[in-house]
Amino acid sequence: MATVSFERATRRYPGTSRPAVDRLDLTAGDGEFLVLVGPSGCGKSTSLRMVAGLEPVDSGRIRIDHRDVTHADPKDRDIAMVFQNYALYPHMTVAQNLAFALKIGRIPRAEVRDRVLDAARLLDLEPHLDRKPKDLSGGQRQRVAMGRAIVRRPQVFLMDEPLSNLDAQLRLQTRNQIAALQRRLGTTTIYVTHDQVEAMTMGDRVAVLCNGVLQQCAAPRTLYRDPANVFVAGFIGSPAMNLISLPVLNDSVALGGWEIRAPRGISGPDVVVGIRPEHLEVSGIGIEIEVDVVEELGADAYVYGRIVDGATPVIARTDGLDPPQRGGRVRLQPVGGHIHFFGADGLPIR
Amino acid sequence: MSYLIRGVRRSIVRGVALYAALIGVAWCALFPILWALSGSLKTESEVATPTLVPSHPHWANYGEVFALMPFWRMFLNTVLYAGCVTAGQVFFCSLAGYSFARLRFRGRDTLFVLYLATLMVPLTVTVIPQFILMRTFGWTDTPLAMIVPGLFGSAFGTYLMRQFFRTLPTDLEEAAILDGCTPWQIYWRILLPQTKPAIMVLAVLTWVNVWNDFLWPLVMIQRQSIATLNLGLVWMQGQYVSRWPVLMAASILILLPLVLVYAIAQRAFVRGIAVTGFGGR
């Protein structure tokens, strides 16, 4: 097993002004499941491809197990990658797809057969070994793609949005399978996704990227509770955290007729107040909002509304059994201790 | 309701017009072949009469073809030349097409455009220098002159294969790179098997080209024993007098293998034309 380190790794595509990945410093520990997440164009896939050797590194280094692989050939990095579109070889059967890398690597035939059968058993692919990829369902293809990585027994798995072509139900199921498989094999894994739910549920740690810059890398719970800046606060969580820019008056801010005490040492005239939807409770007192839309999900309901005196949009999570009515007015009380403040520079004020 | 009827009527009219036009075009293409077929079954006195159906089919014309020219010898020669050139074209054009589509090297696109520009130079312009070249090699009037010049690919074939290689997902290639493949293995084991439709088109077009070629064999070949069918056809003509029914019978016999190849490969060929985007060529 191995660690993977980015050391100020930078990639600038020819003809662009901004680097796709900008001085990335990040380490995936031995056996860790590290998720790279961010909006499209944030540099997460580029970072992954830099580890694979499919994308050159313009400056900085990439190390796998302390070995500098910045300029090493992809085949010499001892990594295996699962592609978004699986990239199964269409003219080969499942068994041939699984065995291909081993054959190229001149592994003895008997061992190839054993490893292919092991992987097929692990992924429930045994009945499909003689079928071509076009005859498989999306979920089966995804498993073949996983199997192709597993048979190689690499030091590192790289996965580039491997679930994005599956339907919602299968995605949920496969998500758990991949996480369980990774824990069982104990192979260091870097996993790229744009889906923050995937990131939060699968990763030991999650690295959030934006515009090629690492915003925060932490355990999912830390990201959620203690975002390092206003971008992470807004990106992690679904529905997103309510982020409202407000002027500070007498060490406090006024939100929809409700006064919130600001922390000491606020520098700017304005501050961004962040409250997660679940930290706004329907109550007799608090911020008064007009309800625009109510999304009923059974156990919960999301209330989308506007603050009465400012028209600022607000989302709150309420009890699904007795949600407020559309068009009505409710008061929402922020739960103490769960209010975030961010300065003009986007950094948290505590 | 009347709107519905109007719509149906319009689509019927459009369908009839379309089919009439297609039948017209097909008739223009097929008529000369039907004329040759009919002529091959007529007697010499009847051949000049403008009827499509001969009064008494005169099958003996076909027998005379075999008596007048060494048909099977020439047939085998033509198959040999067409087979070798087609195999060479498929191999070298796909190799060059892969390089131009997927490998990165300095001056790649300029080189490709220059190569493509050679499409604009017709054979008639280069036939004399090529003849001198063949004579220097001592290859004139040998099978080598028929095979080697066409063996190493063509600008058209390279272009066709390059366009097709460009449509293949880069993921496949990257997966192969990570699996440890060399560029040759990526070409041979991963990408080439995906290009079957384009190879089919290239193979059929090349085969037909060599089969129908007249100018090059005429310049290169003098001996009957290594001549192509087309040369044989010309040599039958006008030594003393042209016997049109026999000539027509020979033409039909030369055409038959092509029709057969096309009939067998038609589905793959049409699919290849569709996926390579050469429909309007």
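Colleague: Does B:Leu34 count as buried, partly exposed or exposed, and what is its relative accessibility?

Modeller: A word on conventions comes before the case. This is a predicted model, in which local features need pLDDT of at least 70 and side-chain atom pairs count only at pLDDT 80 or more, whereas totals for chains, interfaces and linings use all residues. Residues are numbered from 1 along each chain as its sequence is written, chains are lettered from A and ligands numbered from 1 in the order in which they are written, and side-chain values use heavy atoms, with hydrogens and water left out. As to burial, a residue is buried under 20% relative accessible area, exposed over 50%, and partly exposed in between (1.4 Å probe, protein chains only). B:Leu34 has 30% relative accessibility and therefore counts as partly exposed.

Colleague: Where is B:Leu34 found, and which residues does B:Leu34 touch, not counting those up to four places away in sequence?

Modeller: Two definitions apply. Helices (H or I, at least four residues) and strands (E, at least two) are DSSP runs, numbered from the N terminus; contact means heavy atoms within 4.5 Å. B:Leu34 belongs to helix H1 (residues 2–40) of chain B. Leaving aside residues up to four places away in sequence, B:Leu34 touches B:Trp27 and B:Leu52. B:Leu34 and B:Leu52 are 18 residues apart along the chain, and their C-alpha atoms are separated by 7.7 Å.

Colleague: Is B:Asn61 buried or exposed?

Modeller: B:Asn61 has a relative accessible area of 3% and is therefore buried. This residue sits in helix H2 (residues 60–68) of chain B. Beyond the residues up to four places away in sequence, the contacts of B:Asn61 include B:Gly39, B:Ser40, B:Pro245 and B:Val246.

Colleague: Is B:Arg267 buried or exposed?

Modeller: B:Arg267, in helix H13 (residues 244–276) of chain B, is exposed, with a relative accessible area of 75%. From B:Arg267 to B:Pro197 the separation is 70 residues in sequence and 9.9 Å in space, C-alpha to C-alpha.

Colleague: Which residues of helix H9 of chain B are buried, and why do they lie on the same side of that helix?

Modeller: In H9 (residues 183–191) of chain B, the buried residues are B:Ile186, B:Tyr187, B:Ile190 and B:Leu191. They cover an arc of only 120 degrees around the axis, which puts them on the same side of H9(B); the arc is that of the directions from the helix axis to the C-beta atoms. The buried residues of H9(B) pack against helix H2 (94–104) of chain A, and also against helix H3 (71–102), helix H7 (155–167) and helix H8 (170–178) of chain B.

Colleague: How many helices and strands does chain B have, and why is chain B said to be more spread out than a compact globule?

Modeller: Chain B has 13 helices and zero strands. Its radius of gyration is 24 Å, well over the 19 Å that the globule rule gives for 281 residues, so chain B is more spread out than a compact globule. The radius is taken over C-alpha atoms, and the rule is 2.2 Å times the number of residues to the power 0.38. The C-alpha trace of chain B spans about 80 × 70 × 30 Å along its principal axes, and 40% of the 281 residues count as buried.

Colleague: What are the corresponding values for chain A?

Modeller: Chain A contains eight helices and 20 strands. Its C-alpha atoms fill a box of roughly 75 × 45 × 35 Å along the principal axes, and of its 350 residues 50% count as buried.

Colleague: Which backbone angles deserve attention in chain A?

Modeller: Most residues other than glycine have a negative phi, and most peptide bonds are trans. In chain A, the peptide bond from A:Ser238 to A:Pro239 is cis, with omega near -5 degrees. A:Pro239 lies in the loop between helix H8 (230–235) and strand S11 (242–247). A:Arg8, not a glycine, has a positive phi of about 45 degrees; A:Arg8 is in strand S1 (residues 4–11) and is partly exposed, at 48% relative accessible area. A:His66, also not a glycine, has a positive phi of about 70 degrees. A:His66 occupies the loop between strand S4 (59–64) and strand S5 (67–68) and is exposed, with a relative accessible area of 61%.
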